[in-house]
Structure formats: structure tokens, C-alpha cells
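Morning, everyone. I'll take you through a few spots.

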Amino acid sequence: MAMPLGWAASMMAMTLSAYALGSHMSPEIQAPLGVEPSEWSKLTATSEQKAAPYNTFDGEGFPACNAVSAVYEPSSVDEMVQIVQQAVKSNTPVRASGKGHMWYDTMCTDDPKTTIIRTENVNDIYDFDLEAGSVMIEAGVTFFQLAEYLHARGASVGYALVNWNITLAGSVAMGAHRSSLREDSMVAAGALEIHIIDGSGSLRKVVRDETDDEWLAASTSLGLLGPIARMKFRIFPDFKVYAKQETLDEDEVLDGDIYGLISPYATANFWWWPYLRKFHYRYYDPVPTNTSDQEGFQSTFSLTRTEANTALSLLNSGKYFASSNRAIERLFFTLWNPPNFHDKITDKAIMTWPVYGWNYDVLIGGLYPGYGTEWDFGLRGYTLELAFPVTQANAVLKRVRQAFDDEAAKGIVMTSTYRSGINIKFGKAYFDFLGQVTYNTSDGADWSKGAMMFDFPSFKPSVGDGLRFNEPFYHALAKTLIDEFPCRPHWTKNTRDVFRLGVKHLDPGYLKRFKAVRERFDPKGLFMSVVGQIIGVS
Ligand SMILES: Cc1cc2nc3c(=O)[nH]c(=O)nc-3n(C[C@H](O)[C@H](O)[C@H](O)COP(=O)(O)OP(=O)(O)OC[C@H]3O[C@@H](n4cnc5c(N)ncnc54)[C@H](O)[C@@H]3O)c2cc1C
Ligand SMILES: *[C@@H]1O[C@H](CO)[C@@H](O)[C@H](O)[C@H]1NC(C)=O
Ligand SMILES: *[C@@H]1O[C@H](CO)[C@@H](O)[C@H](O)[C@H]1NC(C)=O
Ligand SMILES: *[C@@H]1O[C@H](CO)[C@@H](O)[C@H](O)[C@H]1NC(C)=O
């Protein structure tokens with residue numbers, strides 16, 4: 001349903017009411033998400049606490065933690081500090097969580113005493129200073145909250161962006177990034193100070209300084225140094241950008257100059273359609289503000305219920321019939337040709353490239369009014385994301401092509417089952433201990449030119465045994481890539497198995513230096529996660 005003009009206002013009202021709710025909440029024990037309301041009283045009333053899963057954005061059946069004993073919802077940094085101080089006293093494991101926008105059960109350990117601090121209501125933005133180029137943001141601030149705040153004041157965070165409904169603190173903690181070889185695209189690259197509540201319950205300020213091991217650990221901490229309570233973040237004057245997209249034949253990428261295609265732009269990526277042997281090639285760059293009056297607004301995830309139901313039944317039948325998967329890849333590819341943008345003022349679809357608009361709206365955007373997301377309508381997915389040195393990009397993509405062809409030779413046609421194809425992203429080198437795009441590592445690979453990320457989302461059927469079409473293929477492909485290439489896992493897009501396989505590629509010297517900082521911040525290991533355990537730093 002189009003709602004011209006009312007849209008921006010209703011978005012604003014939503015955000016405001018979220019603030020209002022938050023300010024009235026006290027730090028009391030909340031039921032873990034994923035537990036029925038009727039169970040809540042049992043959880044809080046009995047002294048013998050029953051643990052329950054804490055779910056990702058995908059909801060029930062998709063645990064971020066398999067068992068937690070409580071979920072706290074503080075509304076200030078002081079309250080976060082108090083909760084950690086109590087946890088220190090009682091030796092209770094604790095993890096911070098933003099929006100749960102991650103995959104797999106890797107947020108916590110499996111210790112059922114674990115507690116969660118949900119940061120959603122700790123979301124003040126203050127000390128805005130465009131001349132100095134910085135602003136203070138609290139743990140629960142999301143990209144779209146900050147973008148709205150900054151846009152109203154003529155500012156932006158540049159390219160340190162991930163997706164709209166995700167916290168900046170959660171993104172910095174886990175090394176999240178956008179796609180660029182030319183500009184810094186790690187969200188952490190935008191952080192000037194990171195304030196962390198350590199394992200004694202004290203708030204520590206870690207200031208950007210590449211010669212300081214505490215900074216190099218805090219820059220991608222995996223939450224192992226403690227909850228990030230707030231950050232001082234870099235800002236720039238707001239600017240407009242264009243977005244353009246072309247379709248390339250598979251050979252043009254697999255045998256092409258991948259670095260040359262991506263590095264000229266402020267941000268650029270590919271989407272791969274392996275059955276059709278095509279790529280979409282998307283790129284963005286700034287333009288003078290007076291280039292166009294158009295205010296384009298991107299949406300990657302907007303769907304109507306009808307569209308979702310159609311996709312769901314086709315995708316579910318693709319669990320059994322490869323023909324459905326071929327049909328859906330063709331459909332998704334066709335839908336992905338025209339701009340996935342609306343005009344922000346009129347909410348009308350924009351039909352031609354390039355698209356112009358304000359940087360956040362064009363680079364990220366959000367949801368169109370009246371639409372939901374895939375996950376709102378029961379479309380669930382898994383993913384796998386590995387980063388490789390961009391100098392080996394052609395070899396990696398050709399190896400994946402060979403894996404697809406090997407299946408085809410057995411009579412099994414593999415496709416992309418995701419609405420925007422297989423996401424091929426890039427990252428400029430950025431130095432810290434645990435980031436996906438760090439360099440000078442003992443593997444001897446040349447990471448200094450940046451990395452290519454192979455991000456392979458796939459549909460998880462909601463029928464039968466729930467396994468994907470040709471399920472073993474996904475696991476075999478991950479193993480092949482990890483065994484044959486230097487690579488690093490994205491910290492929230494991989495299974496425990498992938499971390500176990502991938503640990504051999506991490507630099508033992510950096511792990512050791514990270515662990516030394518971790519032991520100073522959290523000597524009791526209260527902030528431990530399975531990821532920290534698997535890579536040997538917890
Ligand atoms: C639709 C979608 C699109 C995405 N797009 C991208 C992308 O383009 N690029 C990319 O790199 N990633 C992307 N991600 C992954 C996402 O950026 C990360 O999973 C991010 O960590 C999620 O942040 P969150 O606020 O939802 O945190 P949660 O999912 O709640 O937590 C994630 C992890 O961070 C820790 N954590 C959260 N908050 C804090 C804190 N304040 N202090 C310390 N630790 C904390 C948690 O303990 C947990 O281990 C995407 C995810 C989704 C669902
Ligand atoms: C943001 O994510 C949370 C958790 O998944 C969800 O409850 C909320 O509705 C989302 N908000 C928007 C604007 O999508
Ligand atoms: C935009 O502004 C610049 C500088 O003010 C001017 O030189 C240019 O002609 C303008 N372009 C358009 C298309 O109006
Ligand atoms: C990387 O290694 C080079 C050569 O050994 C050195 O000059 C440079 O300072 C190192 N960079 C970092 C960030 O450690």
C-alpha cells in the first residue's frame with residue numbers, strides 16, 4: 001500500500017515511540033525471547049531458573065544462544081554497568097545483544113547460566129559536532145536511527161554502513177562491513193573511541209591508536225572484552241550519491257579484472273546467478289548535490305505478503321524439485337534487473353538507472369511503507385561468508401564454478417535460492433587483530449590489496465526435514481574453499497563447523513596478542529562465546 005508523504009512521518013513516529021517506551025523501562029529481568037509469555041512468571045519467580053533459547057531475528061528454531069537464564073533490558077549505560085557488576089559478583093556469564101541480526105548459535109557459550117543484556121533501549125545520540133567530525137552514540141543505536149539523526153543535521157557516517165536495523169556497536173564488535181576496495185568500509189573504521197564495560201564492571205575508554213594492542217583488540221573484539229556501552233563515531237557532511245547497475249556474463253567476471261571493476265568506486269559489489277551464468281554489477285559514487293532532485297530510497301528486503309507466499313511455495317517445492325529452483329532463480333534475476341528503489345517523497349518505484357539520492361537512503365535505505373521483510377513472512381535462510389585476498393578472487397570464483405559444474409555432471413543443478421543472488425562483496429584492508437580484512441599475517445598471503453567476500457545465502461525450507469535441496473553440497477563447498485585458499489570467516493554468518501575448519505588460517509601471533517588483552521579486560525572469562533573458544537582466545 002503506497003502512503004505518499006506520510007511515510008517519513010510514520011517512520012519518525014515509530015522511532016519516537018520506541019524511545020518513549022525505552023525510557024520507562026527499568027533493568028528488570030525479562031523473559032528470554034522465544035519463551036511464551038505464559039512461561040515468563042515461572043522464569044522470574046522461581047529461584048531455580050529454567051534456561052531457554054535466545055533467538056536470532058529469524059525467531060523460534062533459530063537460536064543465537066541455545067540456553068540463557070535471563071534477558072535484561074536496561075535503559076541507560078549506568079544500568080548496563082550495574083548489570084555487569086552483579087554478574088561479576090555472582091560469576092554469571094553475560095553477553096550483549098543488539099537486534100539479533102546474526103545467524104547460528106554462536107553468540108554465547110552453551111552454559112545455561114548465561115544472561116543477555118539487550119541494548120535496544122540504551123540508544124542516546126549526543127555531542128554532535130560536525131566541525132570536529134564526531135558524535136557519541138550508545139550501544140543500542142541502529143544505522144537507521146543514526147542516519148535519520150545525522151541527515152536532519154546535514155551529516156552522515158560515510159561508508160561505515162551495514163544494514164538499517166542493526167546496531168553500530170554489534171557491527172563493530174563482530175567486524176561487520178560494507179563493500180568497497182577504495183574507501184574504508186569496516187564499521188569499526190568509523191569508531192574513534194570504544195567504551196567497554198570490562199570484567200570488573202568498570203567502564204574503560206579505548207581510543208583509536210594503531211600502536212596500542214588494546215585498540216587493535218577492541219576494534220574487532222567479538223564482544224570478548226565486554227559489552228560496548230558507547231562509541232565516539234566519525235561523521236562527515238552529508239552528500240548525495242548515484243547507484244548504477246549492469247548485467248555481466250559470467251566470463252566477464254570469472255576471467256575479468258575483478259579489482260579493476262570494483263576499486264574505482266566508493267562502494268561496489270556483484271550478485272551472482274550461477275544457473276543463468278550472469279552477474280549483476282552494482283556501483284555507487286558521490287555526485288554534486290545539484291546533480292538531481294531525485295531522492296531515491298533503496299530496499300533490499302521489502303516484500304508484500306502475497307509476494308512472500310508465492311516465493312515461499314516455489315522455494316519450498318525447490319527442496320524436492322530442481323526445476324522449481326531454476327524457475328525461482330530466473331524470477332529473482334528478472335526482478336533484480338530494475339532498480340530496487342522507490343522515490344522517498346512519492347513512494348513510487350524508480351524504473352531507470354542511475355538512481356540519485358542522499359547517501360544513506362541510496363546506500364542502505366530500509367523498508368518501503370506497508371511492506372514487510374522476508375523474515376516477517378516466514379522466509380528463512382542460512383548463509384556462509386568467507387573473505388579471501390582479492391588477489392585470488394578469480395581463482396576462488398572459478399573454484400566455486402567448478403563445484404557447481406561437478407554437481408551438474410552428477411545431474412544435480414545448483415542455483416541461487418536467494419532473492420538477490422550470491423553476494424560477492426569487497427573490503428579495503430584495515431589493520432586490527434581479528435578483522436576479516438587485516439593484513440601482514442603469518443599465512444604469507446597478500447591481504448594488503450583488500451579482500452573479496454563470498455557470501456552465499458540460501459533458502460531454508462519450512463517443510464519436511466527442513467534441510468536444503470542438496471544439503472551436503474553447502475558443507476562440502478565450505479570445506480573445499482577453506483582447505484584450498486587462505487580465508488577468514490565473517491564472525492556472525494558461519495556455523496561452528498566453519499569456524500573450526502577456518503581457525504588454521506588465523507595468525508597465531510595476532511590471536512596471542514588479542515588473548516593477552518582479553519585476559520586483562522576479562523580475567524574470569526564472563527564474556528566468553530563459542531567463537532572465542534573455537535579460536536582459542538577465551
Ligand atoms: C539482514 C541482514 C543484513 C546484514 N548485512 C550485513 C552486511 O552487509 N555486512 C556485514 O558485515 N554484516 C551484515 N550483517 C550481519 C550483522 O552486521 C552482524 O550480525 C551484527 O553483529 C548484528 O548486530 P546486532 O546489533 O543485530 O547484534 P546481535 O545480532 O544481537 O549480536 C551479534 C553479536 O555481537 C555481539 N554484540 C552485540 N552488541 C554488542 C555490544 N554492544 N557489545 C559487545 N558485543 C555485542 C553479540 O554478543 C553477538 O555475539 C547482516 C545481518 C542481517 C540480518
Ligand atoms: C528491527 O528488528 C527487530 C528485531 O528483529 C524487530 O522487532 C523490529 O520490528 C525491526 N524494526 C524494523 C523497523 O524493521
Ligand atoms: C552545480 O553547482 C556547481 C557549483 O555551484 C555549478 O558549477 C554547476 O553548474 C551546477 N550544476 C548544475 C547541473 O546545476
Ligand atoms: C606491515 O608490514 C610492513 C613490512 O614488514 C611494515 O612496514 C608495516 O609497518 C606493517 N604494517 C602494520 C600495520 O603492521
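Two strands count as paired if DSSP finds at least two bridges between them. Keep that in mind; this is a predicted model.

Start with strands β22 and β23. β22 covers residues 422-427, and β23 covers residues 451-455. Five bridges join them, in the antiparallel sense. Look at Gly427: Ala451 in β23 stands opposite.

Now zoom out to the sheet. Eight strands make it up, and it is open. Read the order with me: β19-β14-β16-β15-β22-β23-β21-β25. The pairing is antiparallel. Which strands stand at the edges? They are β19, at 355-358, and β25, at 488-489. Each has a single partner strand, so one side of each lacks a neighbour in the sheet.

A helix packs on this sheet: α10, residues 322-335. Helix α10 touches β14, β15 and β16. Its direction makes about 150° with that of β15.

Next stop, Thr115. This residue sits in strand β6, residues 115-118. Is Thr115 buried or exposed? Buried: the cut-off is under 20% relative accessible area, and Thr115 has 5%. What is Thr115 in contact with, beyond its neighbours within four places in sequence? Ser69, Ala70 and Tyr72, then Thr92, Pro93, Val94 and Arg95.

Last, ligand 4. Around it you find Phe431, Tyr439 and Asn440. Look closely at Asn440. One of its polar side-chain atoms lies 2.2 Å from an oxygen atom of ligand 4. On its own, ligand 4 has 360 Å² of accessible area, and the protein covers 33% of that.

That's the tour. Thanks.

How values were computed:
Residues are numbered from 1 along each chain as its sequence is written. Chains are lettered from A and ligands numbered from 1 in the order in which they are written. This is a predicted model: local features need pLDDT of at least 70, side-chain atom pairs count only at pLDDT 80 or more; totals for chains, interfaces and linings use all residues. Side-chain values use heavy atoms; hydrogens and water are left out. Helices (H or I, at least four residues) and strands (E, at least two) are DSSP runs, numbered from the N terminus. Contact means heavy atoms within 4.5 Å. Axes are lines fitted to C-alpha atoms, for helices over the stretch in contact, and angles run from 0 to 180 degrees between N-to-C directions. Buried means under 20% relative accessible area, exposed over 50%, partly exposed in between (1.4 Å probe, protein chains only). A residue is near a molecule or strand if one of its heavy atoms lies within 4 Å of it. A polar contact is a pair of N or O atoms within 3.5 Å; within protein, one must be able to donate a hydrogen and the other to accept it, and residues adjacent in sequence count only if both atoms are side-chain atoms. Accessible areas come from the Shrake-Rupley method with a 1.4 Å probe; for residues, only the protein chains shown count as cover.
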